[in-house]
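This report examines a predicted model.

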Amino acid sequence: MPQTIETLPNGLKLWQDDRFFKLGQDSVLLSAFAKPRRNAKVLDLGCGTGALALLIYRPDLRITGLELQEEPLALFRRSIADNGIGVTAVQGDLRAIRTIFPHGTMDYVICNPPYFDRTAGKSAPSSEKRTARQDGSCTVEDVAVATSFVLHTGGKAAFVFRPERMWVLLEALDRVRLVPKRLRFVHQNTAAVPSAVLVECRKGGSAEGLSVEPPLLVESEEYQRIYEK
């Protein structure tokens, strides 16, 4: 399969391959929504070829990407080397997170988890894409458990998900003490139903104080600024 290189909005280069999910709207919007503090230790769960990790990159952040599949991870490592940046790429299964990272050592987690139940809808066209987009290799619950394990109390995580399955995500987060604190829906325009939801949660603390932000419209100047940033 031919490999291509994409220039991200922040100027970094991303190696891609048609076998794996390519740079898309969800990763770009999640990178703009996530707000890791300065000098934070950030983990990208299920990082794939590293698009999200590279989009969120700042020199002060200590970013690690964890990916199950070796081939997309090899492309991520190639992008890291070509960009000359200090990002770490680790091969491993997030369901075995306890054997990979120490407990409570991350400040912020970012993740674009599998959207669809393995039995629902049309299957992804390749095994690599099924791993990334359907919950055959890991479930939303697996993602929530791994996130909670690596975060210290007070640490935060940001996810992008499908609105029609949002309750699946929120229930999974609640079971592991991850409390939603920010929520934002993405719409094509003011007349359209949401196509994605962005969620930031905090480990531990009160369930009070959820901030529902104004909708992000694809047909807006803000959306264009995110892509031009």
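## Cover of helix α5

The buried residues of α5 are covered by elements that include β3 (41-45), β6 (106-111), β7 (151-161), α6 (166-175), β8 (178-187) and β9 (194-203). Helices (H or I, at least four residues) and strands (E, at least two) are DSSP runs, numbered from the N terminus. Helix α5 itself spans residues 140-150, and eight of its eleven residues are buried; buried means under 20% relative accessible area, exposed over 50%, and partly exposed in between (1.4 Å probe, protein chains only). Those eight are Val140, Val143, Ala144, Ala146, Thr147, Ser148, Phe149 and Val150.

## Basis and overall features

The model is predicted: local features need pLDDT of at least 70, side-chain atom pairs count only at pLDDT 80 or more, and totals for chains, interfaces and linings use all residues. Residues are numbered from 1 along each chain as its sequence is written, and side-chain values use heavy atoms, with hydrogens and water left out.

The protein has seven helices and eleven strands, and 51% of its 229 residues are buried. Of its contacts (heavy atoms within 4.5 Å) with a separation of 6 or more, 67% join residues 24 or more positions apart.

## Nonpolar cores

A nonpolar core is a set of buried Ala, Val, Leu, Ile, Met, Phe, Trp, Tyr and Cys residues joined through side-chain atoms within 4.5 Å. The largest has 36 residues, of which Leu30, Val42, Leu54, Ile63, Phe76, Ile110 and Val186 touch the most other members. Two or more residues each come from α1 (25-33), α2 (51-55), α3 (70-83), β6, β7, β9 and α7 (221-228), and α2 gives the largest share, five residues. Apart from this core lies another, of 31 residues, including Val143, Phe149, Val176 and Val197.

Beyond its neighbours within four places in sequence, Leu30 contacts Leu52, Cys111, Asn112, Ala158, Phe159, Val160 and Leu198.

## Aromatic rings

One aromatic pair is found in the whole structure. Rings of Phe, Tyr and Trp (its six-membered ring) pair if their centres lie within 6.5 Å; planes under 30 degrees apart count as stacked, over 60 as edge-to-face and the rest as tilted. Tyr223 and Tyr227 form a tilted pair, 5.0 Å centre to centre with 35° between the planes. Both lie in helix α7, four residues apart, about one turn of the helix. Tyr223 is buried, at 9% relative accessible area, whereas Tyr227 is partly exposed, at 30%.
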